[in-house]
Number of protein chains: 2
Amino acid sequence: MTTKSGRTGRPADPFPDEPGDRSPGAYPGRLRDVLRVPAGGRVDLSSYDPGGIPAGPRNKAEALEAAAAAGTRLAELQERLYAAATAGDRRRLLLILQGMDTSGKGGTVKHVIGHFNPAGCRIKAFKAPTDEERDHHFLWRIARELPRSGDIGIFDRSHYEDVLIARVRELVPREVVRRRYDEINAFERALAEDGHTIVKVFLHISHEEQRRRLLARLENPDKHWKFNQGDIEERALWPAYRKAYERMLERCSPPEAPWFVVPADRKWYRNWAVTRLLLEHLEELDPQYPQGDFDLDASRKLLREDG
Amino acid sequence: MTTKSGRTGRPADPFPDEPGDRSPGAYPGRLRDVLRVPAGGRVDLSSYDPGGIPAGPRNKAEALEAAAAAGTRLAELQERLYAAATAGDRRRLLLILQGMDTSGKGGTVKHVIGHFNPAGCRIKAFKAPTDEERDHHFLWRIARELPRSGDIGIFDRSHYEDVLIARVRELVPREVVRRRYDEINAFERALAEDGHTIVKVFLHISHEEQRRRLLARLENPDKHWKFNQGDIEERALWPAYRKAYERMLERCSPPEAPWFVVPADRKWYRNWAVTRLLLEHLEELDPQYPQGDFDLDASRKLLREDG
């Protein structure tokens with residue numbers, strides 16, 4: 001119902017008939033297998049429906065119920081991850097969000113962060129690079145914002161801008177863009193080996209949905225500050241951006257850090273899917289509370305006597 | 001019902017009988033006038049009841065209702081503050097939380113952040129200074145973490161550690177501690193003049209409530225990672241800490257950045273009070289959405305034609 005046929009790498013049945021709870025809060029499949037960009041293949045975004053529902057809840061009510069159920073579990077897993085780091089566990093999670101203007105990167109950050117304790121999160125929205133940042137290698141500013149062990153990092157835009165707008169606007173020669181794919185892959189491989197679980201999400205919206213969202217901004221004076229005429233001019237470059245995204249998805253989806261294509265025309269589906277992807281990755285990490293490093297009985301006694 | 005008599009600076013009636021909505025969500029007074037440490041006076045913490053309810057909701061149910069109502073308004077004010085900054089408004093808000101171990105600084109951060117869009121917040125938990133930080137003036141690491149214009153900054157501990165633990169543990173001579181009060185006041189005055197609204201909250205818990213909370217941690221193995229035997233030993237220094245807090249409250253409560261003493265034995269009251277203090281300060285700032293800097297009709301036309 002969501003993707004046209006012919007794409008490889010997608011499992012035959014995104015709603016696997018496993019035993020167990022089939023309530024919407026307990027989607028039994030692995031969404032990551034459904035949305036993952038397969039390593040090594042070609043990517044044609046016209047085979048991904050931005051308005052689709054490739055797996056999981058079928059409507060907003062089901063999605064809200066599912067996200068609430070996931071939220072409780074996410075909060076617990078985050079606390080375990082954070083706690084484990086205090087005992088030397090170097091693992092951490094980094095969510096990277098990319099997508100066209102109005103694709104909902106900011107809204108996604110707001111939604112997913114709602115599940116977590118923000119004190120253990122590190123959110124960074126990357127803007128056009130400053131003069132100082134431009135004076136360094138493009139990964140320099142990224143490395144400075146990586147999450148600490150035990151933390152959840154969230155990037156709203158990232159080093160991928162340097163193969164997206166940089167390619168479309170020809171900010172660097174095409175040869176440099178090609179080199180950057182490899183540099184990014186090497187960088188992310190090193191991070192993965194150092195305990196970073198990297199979840200890369202491409203928020204896929206349609207040209208038409210972007211038009212609706214920009215028009216909605218125009219019709220609400222309280223949203224005018226978000227609007228800038230350049231956003232409309234940028235729409236003329238849509239086909240070039242699409243190609244840049246396709247190359248990025250193809251070239252930078254190694255097994256240790258693949259891209260996930262999340263249909264983003266429906267906000268409730270987008271929110272559920274990103275939440276679900278985080279949950280599946282954290283479940284796999286399965287972080288554990290460390291044991292306390294103290295004498296329980298002695299501490300108890302001291303406190304009880306200390307009226 | 002909460003404070004003993006004899007303290008100056010507290011208004012006669014913390015539940016003023018103003019016209020208007022008296023539902024718990026709409027506390028009509030100014031909590032900041034009730035909880036503010038008066039400039040220039042002596043502070044005796046024994047006249048502040050950590051279990052008190054000096055104003056506002058009288059029970060947990062009322063407090064939850066009130067906090068929910070305040071939350072909607074807070075989210076709107078934050079968006080306005082953020083939006084105004086995009087048009088050059090330099091204002092921002094900084095919440096500083098101090099309090100003994102288990103006083104609930106982390107829990108307060110988690111609660112208040114729930115009202116905001118975290119992308120516009122900058123949370124920083126200050127730990128024991130690193131070697132690099134120690135090599136600088138004590139305000140160096142603070143300055144680096146200040147919120148940008150339009151942002152809400154939240155400090156879990158702060159430069160006040162340098163007149164608290166530094167005084168109690170005699171990390172520096174008493175003379176240096178005294179000088180630091182003045183340096184802090186000068187620093188915060190400069191920030192206030194540059195558009196920082198500084199809301200300083202002392203979470204006031206009782207010695208007995210801390211004992212209960214430490215014991216509760218001991219009885220839950222999932223919380224053992226938070227426990228450290230030094231926390232119990234630190235309790236022997238309670239009187240010295242109390243004196244250090246009193247001096248801090250006295251010496252660093254100028255009109256532009258006073259301390260607020262929030263009774264923190266009841267978590268629901270603490271959460272309501274901090275939320276309410278933020279609301280009152282943001283209401284006073286009254287940030288406005290900027291006008292859009294574009295041709296509305298031309299943009300509309302372009303988008304409508306751009307099928």
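Two strands are taken to pair if DSSP finds at least two bridges between them, and strands (E, at least two residues) and helices (H or I, at least four residues) are DSSP runs numbered from the N terminus. The model is a predicted one, in which local features need pLDDT of at least 70 and side-chain atom pairs count only at pLDDT 80 or more, whereas totals for chains, interfaces and linings use all residues. Residues are numbered from 1 along each chain as its sequence is written, chains are lettered from A and ligands numbered from 1 in the order in which they are written, and side-chain values use heavy atoms, with hydrogens and water left out.

In chain A, an open sheet is formed by 5 strands in the order β2-β3-β1-β4-β5, with parallel pairing. Its edge strands are β2 (121-125) and β5, each of which pairs on one side only, and the twist from one strand to the next averages 20°; here axes are lines fitted to C-alpha atoms, for helices over the stretch in contact, and angles run from 0 to 180 degrees between N-to-C directions.

Strand β1(A) is joined to β4(A) by 8 bridges, and the two run parallel; within this pairing, A:R92 stands opposite A:H196 in β4(A). Strand β1 (residues 92-99) of chain A also pairs in the parallel sense with strand β3 (residues 152-156) of chain A, over 5 bridges, and the bridge partner of A:L95 in β3(A) is A:I154. Of the 8 residues of β1(A), 8 are buried, and the strand is mostly covered, where buried means under 20% relative accessible area, exposed over 50% and partly exposed in between (1.4 Å probe, protein chains only). Both faces of β1(A) are covered, with A:R92, A:L94, A:I96 and A:Q98 buried on one side and A:L93, A:L95, A:L97 and A:G99 buried on the other.

In strand β5 (residues 259-263) of chain A, 5 of the 5 residues are buried, so the strand is largely enclosed by the rest of the structure. The buried residues of β5(A) cover both faces, A:W259, A:V261 and A:P263 lying on one side and A:F260 and A:V262 on the other.

When neighbours within four places in sequence are left aside, A:R180 is in contact with A:F138, A:D162, A:V163, A:A166 and A:V172, contact meaning heavy atoms within 4.5 Å.

In chain B, 5 strands form an open sheet in the order β2-β3-β1-β4-β5, and the pairing is parallel. The edge strands of this sheet, each pairing on one side only, are β2 (121-125) and β5 (259-263) of chain B, and the twist averages 20° from one strand to the next. Strand β2(B) runs parallel to strand β3 (residues 152-156) of chain B and is joined to it by 5 bridges, B:A125 having B:D156 as its bridge partner in β3(B). Helix α7 (residues 174-193) of chain B lies across β1 (92-99) and β4 (196-204) of chain B, and runs at about 135° to β4(B).

A helix pair was also examined in chain B. The axes of helix α3 (residues 105-113) and helix α11 (residues 267-285) of chain B come within 10 Å and cross at roughly 55°. That angle makes α3(B) oblique to α11(B), since angles under 35 degrees count as roughly parallel, over 145 as roughly antiparallel, 65 to 115 as roughly perpendicular and the rest as oblique. The contact is made by B:G107, B:T108, B:H111 and B:V112 of α3(B) and by B:R270, B:N271, B:V274, B:T275 and B:L278 of α11(B).

Residue B:Y82 has its place in helix α2 (residues 60-86) of chain B and is partly exposed, with a relative accessible area of 31%. The C-alpha atoms of B:Y82 and B:P118, which are 36 residues apart along the chain, are separated by 12 Å. With neighbours within four places in sequence left aside, B:Y82 is in contact with A:K127, A:W225, B:G120, B:G150 and B:D151.
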